[in-house]
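Me: I have a protein model open on my screen and would like to learn how to read it. Could you walk me through it, feature by feature?

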Amino acid sequence: MERVKTAVVGCGMISNIYIKNLKHLFSIIDLAAVADINRTAAEEKAQTYGVDRVMTIDEVASSPDIELVINLTPAFAHYSIIRQMLEAGKHVWTEKVMTVTVKEAKELCALADRKGLYLGVAPDTVLGAGLQTARRALDTGMIGAVTSGLAVINRNQSLNAEVFTFLRGNGGSLPYDVGIYYIGALLTLLGPVQSVKAFGSPAPVHTPQFLFRNADTKPWQIPGSNVLSAALRFRCGALVSVLFDGNTVNASQHALTLFGTRGVLQVGDPDTFGGQNTLLYADQPACALPFTHGYDGKNTIDPTPFDHYGHRGVGAAEMAYAIRKGRRNRCSKEYGLHCLEVLDGMERSASTGETVELETQFVMKPLAPGFFSGFMGGSFRADAESSLME
Ligand SMILES: NC(=O)c1ccc[n+]([C@@H]2O[C@H](COP(=O)([O-])OP(=O)(O)OC[C@H]3O[C@@H](n4cnc5c(N)ncnc54)[C@H](O)[C@@H]3O)[C@@H](O)[C@H]2O)c1
């Protein structure tokens, strides 16, 4: 199968694991170029990871051989980069969130449809071993019909924004930055949401605390609700309570639990690729489920400090196979748009007090089971990658 010639746009922190995985893990991708508004950043990544070409953003758009652009810029820059690349005839994979408004996301989806191009959207942790195993447990009826669920994550998002400065802009609140992993996981496991009801609180005005970095910056306030308490009614009938609290401390108490008619599934951390799932039945000991799928986040090839970010890029690779095979990709633009509409629905409900009915829908097929073997130093990885093909 002809490899898909790819360029990465945005050479910041998360690009390290993306570039490494795109170069070494997925044989469908031919990573040909990197670009960044800050050319030095792109030059550094090209040198560190051995990428042949450093381009400007406009050169990526006008380069006839680049088929796929992987957008790793901050959320507030997504709309303009994605639009430019789609208009230039490139398929686009973007890091989360697709854009910071539903209106912009709908516009980009319509543009991709008009142009007949793929637009794929993170989080792709939902294609990891943890969440695909959870999906298989549900699809095979291990807990019966899901009646309800609970999703919780907490952080000190204002403190974190001292280091990751892009968190001070639109898309930087805890629900948009981290809550989206929980929303993406719930959507992957339960399908689309029908309606949303929520209460919210803003982030406090933050005075810099982390003294050795950005100590001279003025106070800032992360836009939107930084605490959201919401109830989601899924089209499948499940009722899920969601709590995202970005106004507390970095002692994460994450929970993702689904309650069913025959059992309970404690789903592993959806912010990782290899969250361990636990099955609970009445009057039985808890049972850890072995993974049925391959991308468990453990990189075995030349470990680097960024490897805890796991198998990022798997969604882009799955999309590259979809492009070659002419089928739909799993982390589709419809999935990305629905993730955003759920978050936006929570915000709207919190500000109006009304229940928000969602307009968009999506379908995501599970991946075929696969195994990422550690045999021979991890070089026997064909089975995991073959699960991305169909
Ligand atoms: N850092 C993480 O832990 C993490 C994890 C998962 C996903 N993400 C997502 O990945 C994306 C990037 O995050 P990051 O942590 O790498 O951010 P970063 O700030 O470290 O890097 C962003 C890069 O994009 C470049 N950039 C900004 N605007 C640009 C533009 N208009 N054109 C070209 N380049 C531009 C910046 O110069 C910078 O090099 C975000 O969408 C974020 O939500 C980050």
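**Reading the model, step by step**

Reply: Gladly! The protein chain is divided into domain 1 (4-125 + 311-332 + 363-385) and domain 2 (128-301), with bounds that come from an automatic or database domain assignment. This is a predicted model, in which local features need pLDDT of at least 70, side-chain atom pairs count only at pLDDT 80 or more, and totals for chains, interfaces and linings use all residues. Residues are numbered from 1 along each chain as its sequence is written.

Me: How many residues does the contact take from domain 1 and from domain 2?

Reply: Two residues are in contact if their C-beta atoms, placed from the backbone, lie within 7 Å. Here 23 residues of domain 1 and 27 residues of domain 2 take part. The centres of the two domains, taken over C-alpha atoms, are 23 Å apart.

Me: Which helices supply the side of domain 1 that touches domain 2?

Reply: Helices (H or I, at least four residues) and strands (E, at least two) are DSSP runs, numbered from the N terminus. On that side of domain 1, α4 (75-87), α11 (375-378) and α12 (382-386) each give at least two residues. By class, the side has 14 nonpolar, seven polar and two charged residues. For these classes, Ala, Val, Leu, Ile, Met, Phe, Trp, Tyr, Cys and Pro count as nonpolar, Asp, Glu, Lys and Arg as charged, and the others, Gly among them, as polar.

Me: And what surrounds the ligand?

Reply: A residue is near a molecule if its C-beta atom, placed from the backbone, lies within 6 Å of it. The ligand is surrounded by 21 residues, and the closest are Gly-10, Gly-12, Met-13, Ile-14 and Glu-95. Helix α4 gives the largest share of this shell, three residues. The shell divides into 13 nonpolar, five polar and three charged residues.

Me: Is helix α6 mostly covered or mostly uncovered?

Reply: A residue is buried if 20 or more other C-beta atoms lie within 10 Å of its own, exposed if 12 or fewer, and partly exposed in between, with C-beta atoms placed from the backbone. Helix α6 (residues 129-139) is mostly covered, with nine of its eleven residues buried. Among the buried ones are Leu-131, Gln-132, Arg-135 and Leu-138. The buried residues of α6 pack against β7 (146-154), α8 (174-190), β12 (264-266) and β13 (278-280).

Me: Why does Glu-67 count as buried?

Reply: Glu-67 counts as buried because it has 21 C-beta neighbours inside 10 Å. You will find Glu-67 in the loop between α3 (57-62) and β4 (68-71). Leaving aside neighbours within four places in sequence, Glu-67 is in contact with Val-4, Lys-5, Lys-90 and His-91. The C-alpha atoms of Glu-67 and Thr-6 are separated by 6.0 Å, although the two residues lie 61 places apart along the chain.

Me: How should I read the sheet, and in what order do the nine strands come?

Reply: Strands of a sheet pair through backbone hydrogen bonds, either parallel or antiparallel. In this analysis, two strands pair if DSSP finds at least two bridges between them. The nine strands form an open sheet with mixed pairing, in the order β14-β13-β12-β11-β7-β10-β9-β8-β15. The edge strands, β14 (287-288) and β15 (356-357), each pair on one side only.
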